[in-house]
Amino acid sequence: MPMRNAASFLIETIQSIQTQSFQDWELIIVNDHSTDKGPSLAKQEANKDYRILYFENGENGIIPALTLALEKASGTYISRMDADDIMPPRRLSTMIEAISQAPSKTIVTGLVKYFSEKEISDGYKKYEKWINEINLNGLQWQNIYRECVIASPNWITRKNELKSLGGFNNLNYPEDYDLVFKWYKNDYQIITIPEVTLLWREHGARTSRNSDHYVQQAFFNMKVREFILNELTDRPLVLWGALDKGQLAASILNHLEINYIWMDMHKNDSFIGKQKIGYFKDIENIKSPQILISVYPEDKDRQRIKSYLGDQDLIEGKNFWYL
């Protein structure tokens, strides 16, 4: 559990671990240069409970903090937690039961539930609904270029297998997304526990809200580059959508000097810079395209798009992907 300026929530988080139905755990807290009372609170808890270990991050940032924590871990399994979230009481027992019976190269996750002192925004509600649905339906790898499909503080895996992938040390920011890509590229399977295993606290001081590592540009850079590495062949690459996300994806493709055909969901025959924007039904004239869809429509429109592309013998996760 990396920690930076989490004093307001730390004790509640630790207590949610201490009250787990499974009690044979160790909690490794790595302080990442906090300037609040979090370090003193964490040390107090470590002095009271031998299962809590406290360390200082000798470098700066969550990646070296996680790397240090993994080095200090003595358990067979590794789970992640953030210092401002809550573990439901059965999380560890259900996750350990699942991973202990699973084959090698398995990640166990569960459902998430946002909570806050204020009202949860519509955007977070949609993300909660989306990540829970794709995990319940086993659609994580089909959606990997859309968003990070496993919540960073909501998984468990075998320690030796995580280390065999290089652990956290060779990750790039956003590190949680990069780790999921490593699991994807190494053919890991995901098992989802059909109950809430993470109470995800939403508040204004969250790192994901305040660090440049987690802005939209960083995520798009990672997922477009990963798509090129993992999926792109000599088949024609098509980018669907010419609004903000489409333009962001196009700028990355241009920077990487990747050839592509750009189409919009509306017929307009316009240009963005020197790039002509065609109409999406022009896809019918392209043989074996690979399509990046840079819009994410509502469910009914998404089904229409999937049905339309299916009529062209194109399959989600094989011929087209959502960004």
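## Contacts of Tyr296

Contact here means heavy atoms within 4.5 Å. By that criterion, and leaving aside residues up to four places away in sequence, Tyr296 touches Trp130, Asn143, Arg146, Arg302 and Tyr322. This is a predicted model, in which local features need pLDDT of at least 70 and side-chain atom pairs count only at pLDDT 80 or more, while totals for chains, interfaces and linings use all residues. Residues are numbered from 1 along each chain as its sequence is written, and side-chain values use heavy atoms, with hydrogens and water left out.

Tyr296 sits in the loop between strand 13 (290–293) and helix 11 (299–311); helices (H or I, at least four residues) and strands (E, at least two) are DSSP runs, numbered from the N terminus. Its relative accessibility is 25%, so Tyr296 counts as partly exposed, a class that lies between buried (under 20% relative accessible area) and exposed (over 50%), with a 1.4 Å probe and protein chains only. Lys276 is 20 residues from Tyr296 in sequence, and their C-alpha atoms are 22 Å apart in space.

## Overall form

The chain contains eleven helices and 14 strands, and its C-alpha trace spans about 70 × 40 × 40 Å along the principal axes. For 323 residues a compact globule would have a radius of gyration near 20 Å, and the 21 Å of the chain agrees with this; the radius is taken over C-alpha atoms, and the globule rule is 2.2 Å times the number of residues to the power 0.38.

Of the 323 residues, 54% count as buried. Among contacts in the chain with a separation of 6 or more, 74% are between residues 24 or more positions apart.

## Strands and sheets

Strand 2 (residues 27–31) and strand 3 (residues 52–56) run parallel and are joined by five bridges, with Tyr54 in strand 3 as the bridge partner of Ile29.

An open sheet of five strands has the order 12-9-8-13-14 with parallel pairing, where two strands pair if DSSP finds at least two bridges between them. Strand 12 (278–279) and strand 14 (320–322) stand at the edges with a single partner strand each, so one side of each lacks a neighbour in the sheet. Strand 9 (residues 261–264) is joined to strand 12 by two bridges, and Gly278 in strand 12 is the bridge partner of Met263.

## Nonpolar cores and buried helices

A nonpolar core is a set of buried Ala, Val, Leu, Ile, Met, Phe, Trp, Tyr and Cys residues joined through side-chain atoms within 4.5 Å. The largest has 86 residues, of which Ile29, Trp155, Trp183 and Leu239 touch the most other members, and helix 3 (residues 62–72) gives the most to this core, with seven residues. Apart from it lies another core, of 15 residues, including Met263, Met265, Ile291 and Phe320.

In helix 7 (residues 175–185), ten of the eleven residues are buried, so this helix is largely enclosed by the rest of the structure. Its buried residues are covered by elements that include helix 3, strand 5, strand 6, helix 6 (159–164) and helix 9 (216–230). Asp187, which follows helix 7, has a positive phi, near 60°.
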